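Welcome! Please take a moment to look over the sequence and the 3D view before reading on.

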Amino acid sequence: MVVAGPVSGPCSSCRRRRTARHSKTARKDHRVSLFTRSRQLPGTTGGEAEADGGGATGEGVTEEGVEKSGADEAMETAESSETGDESGPARNDSPRPGWFGWRQRYPRTARGVSVGTSVLAGLLLLVVLLSPARLDRMDLQAFLRLPVEAIVLAAVLLVLPPKVRRIAAVFFGAFIGLLTLLKLMDMGFRQTMARPFDLVFDWIMLGNATDWLRESFGRTGEVLAIAGVIILFIAVLVLCTLAVVRLTNVMSRHRPRAVLTTLVLGTVWVTCFNLGVQFGGVAFATKGYTGFLANRVQNVRNGLGDAKVFEKQSAVDAFAATPPDQLLTGLRGKDVLFTFIESYGRVAIDDPAMAPEMDATLKKGDATLKAAGFASRSGWLKSPVTGAGSWMAHSTFLSGLWVKNQQRYLNLTNSDRATLTSYFQKTGDWRTVGIVPGVRKSWPEGKYFGLDHIYDSTHLGYKGPYFSWTPVPDQFSLEAFQKLEHGKKNRDPIMAEIILASSHNPWSPIAHTIDWNDLGDGSVFEQIKKEGTNPTEVWKSQDRVRTEYRKAIQYSVDSLTQWMQRYGDENTVLVFLGDHQPVPTVTKGSTSRDVPITIVAKDPKVLDRVDDWNWTDGLKPADNAPEWGMDKFRDRFMTAFAK
């Protein structure tokens, strides 16, 4: 007999394995259900479909759903990787990727935008790295080069660990942005002063630029220009930083290709650099940004040491120990007028587009002066500045020192260095005055220059309109000098520094000479201004700017020669000159800093003293007339009239 015993069940370990398999299958089925939708066949109900889930139809749908699920998951993973998202594929219960889920709805578009953004980031960096720091060199050839900075930057970022790499990308991007801003500053300064921006001395010039904008284009123009510059600077910094970060992420995701590309480009650069490969006369392998930065560092070092150099130069003065009664004895009893014509540069005389009209004005002035019994001699001086910075040219001319930057100007005006004007004051035989219509506020430097009295724009009696930057037309300024000082009876001889401002940038609108008896209080210029040009319209065309510049110089010269004919006499000595060349828009990139200078006198003994200067007869200096540095005039003049 066989006795049946109890049937033993599965062991506990088997039960756990079976339970795990069932759980895994359940999770898989649940996951599949998230990406699939059951398909109902015609004539079936939902319950039947579920009951028949193991049949052929249900099985086929499930396999198709699994295949689609895998494809979708892979695509989402790829998109997440491309955009730098490390959170993995998106799930239905998480926020939709992209703005409003557009990446999920339009994957091809998202891919195109991602690639396009990376390409634009690369192009932006190439542009800022290859852009020259001057507009006149901005051409296609400038961008057909290979910058070593890009290769070095890629190599450094590739070898850094991930966390440090992200920080370095932000730093390098911001640094490139700052250097790009410096390039933009250079472009602006080269367009106005024909030189790069000076990191040590030129910050004060920015305030002068805003004043010029306000006076030339009004308060609205000033605000819009400043706002535009601020927005531009912020945009450059942000875009350069984002571009470097973007490209760093791309290189990190495709590291093998990035390393290989960097090695190839590095090899190409070294080869082309050593062989001197050029395209259109421009070196293909460039290290321009490195040279640009090295020049800036050297300029800063030179600027910081310039104060000591200038101090030593200031201590040397050939006339410091000369007794007052032996100074300028050849001019005793004469009225001596040192007159600056704003922006009167060599271009006004030499440029073929301006020369015919300017020649006619100078010949007319010669005839006018000769008819009144005057003679003249003319030469050339080299100014320390161009485009702007008149006060530096004035102080160079009067001090006998090369005042090429704002620090030198401030050091000079705070020193005890004697100037040409202060030597006239030192003798005690002249009343020294300044006619400075361009000054609108207090000018403490006036006392340094040895001026007993200063007439600025508010003390000339002018009630007419401004002509853009110019507060007072030249003809009125000269007439005011006649009424306030020169025309007085029983007076001492006068030494005057007169600054004629009508030829100041932007040269629109400009005045024209009228009958001197009609000047009155200047109200007559209201109608003249209305008939003039609009600076906004003029500056849309380089040719129009150059034409208006030439007309402004003609007006200043006409005003001065007419004044001499009308009010000059045997005891009048006029020295007039330009302070600097105009902006490169007018000079068309000329590097000359020459300005004309002329001495006019009726007494032949005055001009006899300068015969050995070999200057040209008349108001127009010859092309080969002597050319001195502007800082040399003071000592030559004082030597000529010392005895």
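## The model and the whole chain

This is a predicted model, in which local features need pLDDT of at least 70 and side-chain atom pairs count only at pLDDT 80 or more, while totals for chains, interfaces and linings use all residues. Residues are numbered from 1 along each chain as its sequence is written, and side-chain values use heavy atoms, with hydrogens and water left out.

The protein chain has 23 helices and 13 strands; helices (H or I, at least four residues) and strands (E, at least two) are DSSP runs, numbered from the N terminus. Of its 643 residues, 44% count as buried, where buried means under 20% relative accessible area, exposed over 50%, and partly exposed in between (1.4 Å probe, protein chains only). Contact means heavy atoms within 4.5 Å. Among contacts between residues at least 6 apart in sequence, 75% join residues at least 24 apart.

## Strands S10 and S11

Let's start with strand S10 (residues 572-578). S10 is largely enclosed by the rest of the structure, because seven of its seven residues are buried. Thr-572, Leu-574, Phe-576 and Gly-578 point one way from this strand, and Val-573, Val-575 and Leu-577 point the other way.

Two strands pair if DSSP finds at least two bridges between them. Strand S5 (residues 335-341) runs parallel to S10, joined by seven bridges, and Phe-338 stands opposite Val-575. S10 also pairs with S11 in the antiparallel sense, over five bridges. Here Val-575 has Ile-599 as its bridge partner, and Val-573 has Ala-601.

Strand S11 (residues 594-601) is mostly covered too, with eight of its eight residues buried. Asp-594, Pro-596, Thr-598 and Val-600 point one way, while Val-595, Ile-597, Ile-599 and Ala-601 point the other. Strand S6 (residues 375-382) runs antiparallel to S11, with eight bridges between them; Trp-380 stands opposite Pro-596 in S11.

## Two nonpolar cores

A nonpolar core is a set of buried Ala, Val, Leu, Ile, Met, Phe, Trp, Tyr and Cys residues joined through side-chain atoms within 4.5 Å. The largest has 57 residues, and those with the most contacts inside it include Phe-338, Phe-424 and Phe-637. A second, separate core of 54 residues includes Ile-435, Trp-516, Leu-574 and Ala-625.

Which residues does Phe-424 touch, leaving aside its neighbours within four places in sequence? Its contacts are Leu-328, Leu-331, Val-336, Phe-338, Trp-430, Thr-432, Met-495 and Phe-637.

## Met-354 in its loop

Met-354 lies in the loop between helix H11 (347-350) and helix H12 (355-371). Is Met-354 buried or exposed? It is buried, because its relative accessible area is 2%.

Beyond its neighbours within four places in sequence, Met-354 is in contact with Val-347, Ala-348, Arg-546, Tyr-549, Arg-550 and Val-586. Met-354 and Tyr-549 are 195 residues apart in sequence, yet 9.4 Å apart in space, C-alpha to C-alpha.

## Helices H6 and H9

Helix H6 (residues 148-159) packs with helix H9 (residues 255-275) at an angle of about 145 degrees, their axes 10 Å apart. Axes are lines fitted to C-alpha atoms, for helices over the stretch in contact, and angles run from 0 to 180 degrees between N-to-C directions.

Among the residues making this contact are Ile-151, Ala-155 and Leu-158 of H6 and Val-259, Leu-265 and Trp-269 of H9.
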